[in-house]
Amino acid sequence: MALALSSAPTFCHRVLALRSGHARRGIGQVAIDSRSSRKRSAPIVAAVQIGGVTLTREEVVRQDDPTNNVPDSVFSKIGLQLHRRPDHPLGILKNEIYSFFDEKFPAGLFRKFDDLSPVVSVKSNFDDVLVPPDHISRSYNDTYYVDGNTVLRCHTSAHQAQMLRDGLTHFLVTGDVYRRDAIDATHYPVFHQMEGFRVFSESEWKDTGLDGTDLAVKDLKETLEGLAKRLFGNVEMRWIDTYFPFTNPSFELEIFFKEKWLEVLGCGVTEQEILKSNGQSGKVAWAFGLGLERLAMVLFDIPDIRLFWTSDPRFTAQFKAGQLGTKFKPFSKYPPCYKDISFWITDAFTENNLCELVRDVAGDIAEEVSLIDQFTNKKGISSHCYRITYRSMERSLTDEEVNAIQ
Ligand code: DAH
């Protein structure tokens with residue numbers, strides 16, 4: 001099911017309502033598993049290095065293990081770390097946010113991490129940030145599991161607790177995050193987030209006339225409004241009350257940009273339980289999380305999320321370190337090729353499984369998968385018809401090659 005944008009927070013209730021429409025798939029129930037006999041266009045590397053940790057393909061992609069649902073197509077993205085390339089739109093945006101924090105606060109006060117391994121425990125990804133045991137984001141339909149206790153992080157909040165245990169009080173964590181999702185111009189199974197965190201001690205609010213929470217809210221809003229101005233200029237902004245498991249109160253910041261309200265980030269005052277459990281009793285903190293693609297698509301006029309992954313120099317050569325907001329000039333829009341596919345479904349069917357199969361077979365030429373028709377027969381068995389849009393960012397596709405894929 002398509003959400004607003006790839007980086008739309010999974011954890012707010014508005015999104016939850018949409019997501020909960022999915023049938024859940026339990027461990028071992030694989031509705032569509034395409035991993036056995038497919039052709040690969042690009043060879044998969046055997047191992048990647050991230051922050052001194054080696055991740056081997058054998059560890060992360062385990063085709064015979066029913067508690068593992070990571071496909072090769074996703075493993076092949078681990079270690080690319082687009083956000084660490086200074087000339088890439090995601091790297092340019094990350095560095096601009098770093099500069100904002102180093103100018104608003106004493107330079108270096110906020111410690112920056114962008115090289116933490118995306119393979120994390122279920123505990124770090126969910127339990128440590130109080131995601132309820134039955135939350136939809138924990139399902140095998142929504143999250144990539146390496147095994148029953150280990151996932152590819154689905155948000156950078158997965159690192160909050162460890163940072164607090166390490167005694168850090170001001171930090172920014174940027175990284176690639178992984179979610180099973182739909183296929184369209186704004187959804188990709190891998191995208192990038194930045195998490196920000198600031199802890200206050202009692203001495204900081206004692207003489208202000210505010211309590212800790214009020215001070216944190218005030219500072220949070222002031223900081224993030226400043227950040228939004230830095231990125232988008234003098235835009236109109238509004239705060240929306242929302243829900244996240246890890247913060248209370250929780251907010252979303254929206255800006256009025258190009259005639260529309262655009263959600264920029266989620267944030268809030270960290271739940272006391274998180275601080276207490278991780279060695280920061282008596283403190284108050286704020287946190288925020290933002291999706292880099294979501295903002296970069298708007299700031300650089302990038303129309304399709306797949307472009308971030310292309311190595312075509314007609315894309316990559318358009319961006320330079322330090323130049324936020326260069327407008328992307330499309331080199332050409334190649335024609336789409338539409339193919340429909342219909343099939344009977346069982347209760348185990350989910351759109352995310354279908355989309356993963358499509359991506360595994362077609363790779364990045366799969367532009368969109370949309371349900372165009374469905375019916376249920378007299379016996380109660382349902383059929384779905386999907387339209388798959390194929391389009392390359394780099395060349396015209398021939399009907400023969402698309403037919404072969406279809
Ligand atoms: N982790 C959230 C998500 O991916 C984003 C987020 C929201 C992070 C609020 C935060 C926060 O730290 O306070 O949907």
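How many bridges pair β7 and strand β8, and in which sense? Nine bridges, in the antiparallel sense. Keep in mind that this is a predicted model.

First, β7. This strand covers residues 170-178. Nine of its nine residues are buried, so call it mostly covered, on a cut-off of under 20% relative accessible area. Its partner β8 runs over residues 190-200. Across that pairing, Val-177 stands opposite Phe-191 in β8. β7 also pairs with strand β3, residues 111-113. That pairing is parallel, over three bridges. There, Phe-113 has Val-173 of β7 as its bridge partner.

Now go on from β8. Eight bridges join β8 to β12, and the two run antiparallel. Phe-197 has its bridge partner in β12, namely Ala-287. Strand β12 spans residues 284-291. Seven of its eight residues are buried, so the rest of the structure largely encloses it. Strand β11, residues 260-270, is joined to β12 by four bridges, again antiparallel. Look at Cys-267 here: it stands opposite Phe-288 in β12.

The structure holds 23 aromatic pairs. One of them is Tyr-188 with Trp-309, and this pair is stacked. The centres are 5.5 Å apart, with 20° between the planes. Where do Tyr-188 and Trp-309 lie? Tyr-188 is in the loop between β7 and β8. Trp-309 is in the loop between α10 (292-299) and α11 (313-316). So the pair ties together parts that are 121 residues apart in sequence. Buried or exposed, these two? Both Tyr-188 and Trp-309 are buried.

Next, a charged residue. Glu-254 is found in strand β10, residues 247-257. Its relative accessible area is 8%, so Glu-254 counts as buried. What does its side chain contact? The side chain of Arg-238, in a polar contact at 2.7 Å.

On to a helix, α8, residues 212-232. At the start of α8, a side-chain oxygen of Asp-211 reaches to within 3.3 Å of the backbone nitrogen of Thr-213. After the helix comes Gly-233, with a positive phi, near 85°. Along the helix, the buried residues include Leu-220, Thr-223, Leu-224, Leu-227, Ala-228 and Leu-231.

Last stop, another sheet. Three strands form an open sheet in the order β13-β15-β14, with antiparallel pairing. The edge strands are β13 (337-345) and β14 (366-376), and each pairs on one side only. From one strand to the next, the twist averages 20°. β13 and strand β15, residues 382-390, pair over nine bridges in the antiparallel sense. In that pairing, Ile-341 stands opposite Tyr-386 in β15. Which helix packs on this sheet? That is α12, residues 351-362, touching β13, β14 and β15. Its direction makes about 140° with that of β14.

Key:
Residues numbered from 1 in each chain as written. Predicted model: local features only at pLDDT ≥ 70, side-chain atom pairs only at ≥ 80, totals over all residues. Heavy atoms only, no water. Expected span 1.5 Å × (residues − 1). Buried < 20%, exposed > 50% of the residue type's maximum accessible area, 1.4 Å probe, protein only. Polar contact = N/O pair within 3.5 Å; in protein donor to acceptor, adjacent residues only side chain to side chain. Pairing = 2+ DSSP bridges. Axes fitted to C-alpha atoms, helices over the stretch in contact; angles between N-to-C directions. Contact = heavy atoms within 4.5 Å. Phe/Tyr/Trp six-rings, centres within 6.5 Å; stacked < 30°, edge-to-face > 60°.
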